[in-house]
Amino acid sequence: VGIGGQFSVSLSSPMTSYAVPTITQLGGAAASASGTTTAGNSQLIITGTNFGPTGQTLVSAEYGPDADPDRYAVSSSSCSVVSQTSMTCNMVAGVGGGLKWSVTIGGQQSSIFGTGIKYANPVVTTASVNGAATTIDTSGVIGTKVNLGGSNFGPTCSGCITAFYGPTGNKYGPVTCDVLSSGHTSIRCPTIAGVGSGHKWIVTRESLTSALSAATVRYTSPVITGFSGTAATQSTCSTLGGVTITITGTSFGPAGHSDGLQAVYGTDAVADKYSATSCSVVSQTSISCNTVAGVGGNLKWTVTVAGQDSVRSGATISYALPTLSGLSGDAVSGRSTTSGGMAISLSGNFFGPASQTEVVAQYGPDGTLTKYSAVSCSVVSQTSITCQTVAGVGTSLKWRVGIGGQFSVSLSSPMTSY
């Protein structure tokens, strides 16, 4: 006390204290149910009691999750006492949810308020392959990374974000990503071995997860460079099918996967004439398949992996050439009537599936084997064709057959005559 300008020594005991502050409600932009920007500076209105006189500066605040309640500190310069029952504080940059607050007024800290607030969930708006590439390497080589743009990724960090990606966001992952920009708008993620396109992203930082992105990335499409195996050699590519072929190339995906795997082959006119069977990915550069029963030559291939088609192969395969070993029927047992219509059966091999229609039978004397073309030809089996002669003349007529545009050697014996 001071008496007549003279002061006593202060009394060490007892002492007095103002009432401890309490928090009863959180409001304002920072308390939005959808969360506040991770960049900070959003205002939180704190309602309670015992905050002291308006404008007093002995004020600060702390907040964080239950496991780390003082993770974030708000200094007196970012807090302002409006009245005994109201004060404001500006959020600092951060991440996470379930953030509970306490305030300190004149050195006295309130109890932690039981209702928490949250930062906004991350949002992914763009996705692109890092560097010069435009697609992800199907082998998942180190260095193939994806840049994701958006908002509310939080402060820069290494390995702080977990991400999954795929057509529905969960096919591949988890991968661990880094936040690159101080503006909380850019992250970079590694990728793993995979295939396909339309891969959308879901990212999580702490307890907050983004919605599935509309932005997508894709793996590199498959490429065919060549063929090997039994079916790659014409003489051993039976028209019966079931012959093994190895397709070589790139970007076929991890060994053993069967994600949308298909191989078709055919002519320029009908590119998908035949669908190979029993296809399996042996490695990133090799696929094994079996041919199906068919006919023809110079057949180009297309492989499809997880919905992405290769360009048709430049390399081709051909079924075995038909062979002719015998003739029988009315046109052979005697001289054919010159008006035609005589039945003839041709025997041999590699005629293709029964009832396939890519068949011609030609006959004529040496030097003009294409003089006559038989009619009503029908493939009965891989080894038998029936036809009828046409009107004509002559003797010692040799025969040959064409299957799928590929012709046999002409048969020297027997021959037919009108």
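The model is predicted, with local features requiring pLDDT of at least 70, side-chain atom pairs counted only at pLDDT 80 or more, and totals for chains, interfaces and linings using all residues. Residues are numbered from 1 along each chain as its sequence is written, and side-chain values use heavy atoms, with hydrogens and water left out.

**Figure 1. Overall form of the chain.** The chain holds one helix and 36 strands; helices (H or I, at least four residues) and strands (E, at least two) are DSSP runs, numbered from the N terminus. Its radius of gyration is 41 Å, well over the 22 Å that the globule rule gives for 418 residues, so the chain is more spread out than a compact globule. This radius is taken over C-alpha atoms, and the globule rule is 2.2 Å times the number of residues to the power 0.38. Along the principal axes, the C-alpha trace spans about 155 × 35 × 30 Å. Of the 418 residues, 43% are buried, where buried means under 20% relative accessible area, exposed over 50%, and partly exposed in between (1.4 Å probe, protein chains only). Among contacts between residues at least 6 apart in sequence, 64% join residues at least 24 apart; a contact means heavy atoms within 4.5 Å.

**Figure 2. Strand 25 and its pairing partners.** Strand 25 (residues 299-305) is mostly covered, with six of its seven residues buried. Two strands are said to pair if DSSP finds at least two bridges between them. Strand 21 (residues 262-266) pairs with strand 25 in the antiparallel sense over five bridges, and Gln262 has Thr304 as its bridge partner in strand 25. Strand 27 (residues 316-317) is also antiparallel to strand 25, over two bridges; here Leu299 is partnered by Ile317. Strand 26 (residues 308-309) pairs with strand 25 in the antiparallel sense over two bridges, and Asp309 of strand 26 is the bridge partner of Thr304. In the hairpin of strand 25 and strand 26, two residues lie between the strands, and Ala306 takes a positive phi near 50 degrees.

**Figure 3. The largest pocket.** The largest pocket holds about 220 Å³ of space. On a 1 Å grid over the protein atoms alone, a pocket is an open set of points with protein on both sides within 12 Å along at least five of seven lines, a cavity is a set of points where a 1.4 Å probe fits but cannot get out, and lining residues have an atom within 4 Å of a point. Grid points are joined across faces, edges and corners, and a volume is the space filled by probe spheres set on the points. Residues lining the largest pocket include Tyr18, Asn50, Phe51, Gln84 and Gln108. By class, this lining has six nonpolar, six polar and no charged residues; Ala, Val, Leu, Ile, Met, Phe, Trp, Tyr, Cys and Pro count as nonpolar, Asp, Glu, Lys and Arg as charged, and the others, Gly among them, as polar.

**Figure 4. The largest cavity.** The count comes to one cavity of 30 Å³ or more, and about 30 Å³ of space lies in the largest cavity. Its lining consists of Thr38, Val95, Gly96, Ala120, Pro122, Asn152, Arg205 and Leu208. These comprise four nonpolar, three polar and one charged residues.

**Figure 5. Backbone geometry at selected residues.** Most residues other than glycine have a negative phi, and most peptide bonds are trans. A cis peptide bond joins Ser13 and Pro14, with omega about -5 degrees. The bond from Ser413 to Pro414 is also cis, with omega near -5 degrees, and Pro414 lies in strand 36 (residues 411-416). Asn41, although not a glycine, has a positive phi of about 75 degrees; Asn41 lies in the loop between strand 3 and strand 4 (43-49) and is exposed, with a relative accessible area of 60%. Ser278, likewise not a glycine, has a positive phi of about 55 degrees. Ser278 belongs to strand 23 (residues 277-283) and is exposed at a relative accessible area of 56%.

**Figure 6. Surroundings of Ala193.** Ala193 lies in the loop between strand 15 (186-190) and strand 16 (199-205) and counts as partly exposed at 30% relative accessibility. The C-alpha atoms of Ala193 and Gly140 are separated by 3.9 Å, with the two residues 53 apart along the chain. Not counting residues up to four places away in sequence, Ala193 touches Thr138, Ser139, Gly140, Tyr172, Tyr219 and Pro254.
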